[in-house]
Amino acid sequence: MRSAHASAPVHPQRRWYWVAGCLLATAATCITLGIVGFFGLDQQIHGFQRVPVPGHAMVTFTQPGGYVLYIERPGSCCSFNIGGGDDDGSSDGPPFAGWSMRVALLRVSGGSPVPVSTWRGATESYAAAGVQGQAAMYFTIRSPGQYYLTASDVAPRSIADIAAGRGIGHSVLIEVLLIAAGLLIFGPAGLLIGGVTAYRPHRARRTLPPA
């Protein structure tokens with residue numbers, strides 16, 4: 001005749017397996033979305049409209065709203081940075097310690113120049129699409145269309161061009177948060193799986209019938 005101890009279940013309740021599996025799936029999804037988002041950022045930077053400096057060229061804005069001008073030089077891949085760094089041109093900070101230039105943005109069809117302001121706040125910088133870039137100026141387009149973008153009196157000479165496009169700061173922050181969330185979730189999931197695994201032989205030993 002089997003004792004009550006011998007008939008007790010050896011395995012922990014199934015719901016803990018489901019909880020651990022859901023945590024692992026969520027963590028993997030967050031990390032995957034973050035990595036895919038960084039690839040999307042690389043494509044966004046590659047698609048910026050660029051003007052060699054000093055010089056001028058025509059650029060087109062198909063939608064109204066805020067845009068950013070990035071100063072760039074040839075570089076390697078891949079990193080993104082919002083703020084931080086020592087602003088000394090090292091790999092840990094923005095690529096340009098100090099810069100200056102005159103920029104004018106005028107609609108082809110005529111009208112008043114578009115006000116262009118110097119970038120303020122946390123510096124957005126990147127090394128992607130074969131260039132190193134740093135947020136330098138920003139402006140708002142109210143009437144979509146074609147514009148002449150002119151840059152002169154450029155310093156330092158290492159600046160190769162200016163790139164116009166939507167700001168990348170918001171996207172970088174989202175991707176970093178997704179990856180960080182995924183890594184944080186992996187911790188509890190791993191502990192839960194380890195606890196369940198350790199519980200099984202311990203429970204089995206406790207429920208063995210006496211000799």
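Trainee: Buried means under 20% relative accessible area, exposed over 50% and partly exposed in between (1.4 Å probe, protein chains only). Is Glu-72 buried or exposed?

Mentor: Glu-72 is buried, because its relative accessibility is 0%. Keep in mind that this is a predicted model, where local features need pLDDT of at least 70, side-chain atom pairs count only at pLDDT 80 or more, and totals for chains, interfaces and linings use all residues. Residues are numbered from 1 along each chain as its sequence is written, and side-chain values use heavy atoms, leaving out hydrogens and water.

Trainee: OK. Where does Glu-72 lie?

Mentor: You'll find Glu-72 in strand β3, residues 65–74. Strands are DSSP E runs of at least two residues, numbered from the N terminus.

Trainee: And which residues does Glu-72 touch?

Mentor: Leaving aside residues up to four places away in sequence, Glu-72 touches residues including Phe-48, Arg-50, Phe-96 and Tyr-126. Further along the chain, Glu-72 also meets Val-131, Gln-132 and Gly-133, among others. The list of contacts (heavy atoms within 4.5 Å) includes Ser-158, Ile-159, Ala-160, Asp-161 and Ala-163 too.

Trainee: Which residue forms a salt bridge with Glu-72?

Mentor: Arg-50 does, and the closest N and O atoms are 2.6 Å apart. A salt bridge puts a side-chain nitrogen of Lys or Arg within 4 Å of a carboxyl oxygen of Asp or Glu. This one links distant parts of the chain, with Arg-50 in strand β1 (residues 49–52) and Glu-72 in strand β3, 22 residues apart.

Trainee: How exposed is Arg-50?

Mentor: Partly, because Arg-50 has a relative accessible area of 29%.

Trainee: How many salt bridges does the structure hold?

Mentor: Two. Apart from the Arg-50 and Glu-72 pair, there's one where the side chains of Arg-102 and Asp-153 meet at 3.8 Å, N to O. Arg-102 sits in strand β5 and Asp-153 in strand β9, so that bridge ties together parts 51 residues apart in sequence.

Trainee: Are Arg-102 and Asp-153 buried or exposed?

Mentor: Both Arg-102 and Asp-153 are exposed.

Trainee: New topic: how do β5 and β9 pair?

Mentor: β5 and β9 run antiparallel to each other, over seven bridges. Pairing takes at least two DSSP bridges between the strands. The bridge partner of Arg-102 in β9 is Ser-152.

Trainee: What's the strand order in that open sheet?

Mentor: The order is β2-β9-β5, three strands with antiparallel pairing.

Trainee: Which strands stand at the edges?

Mentor: β2 and β5 do. Each has a single partner strand, so one side of each is left without a neighbour in the sheet.

Terms used
Helices (H or I, at least four residues) and strands (E, at least two) are DSSP runs, numbered from the N terminus.
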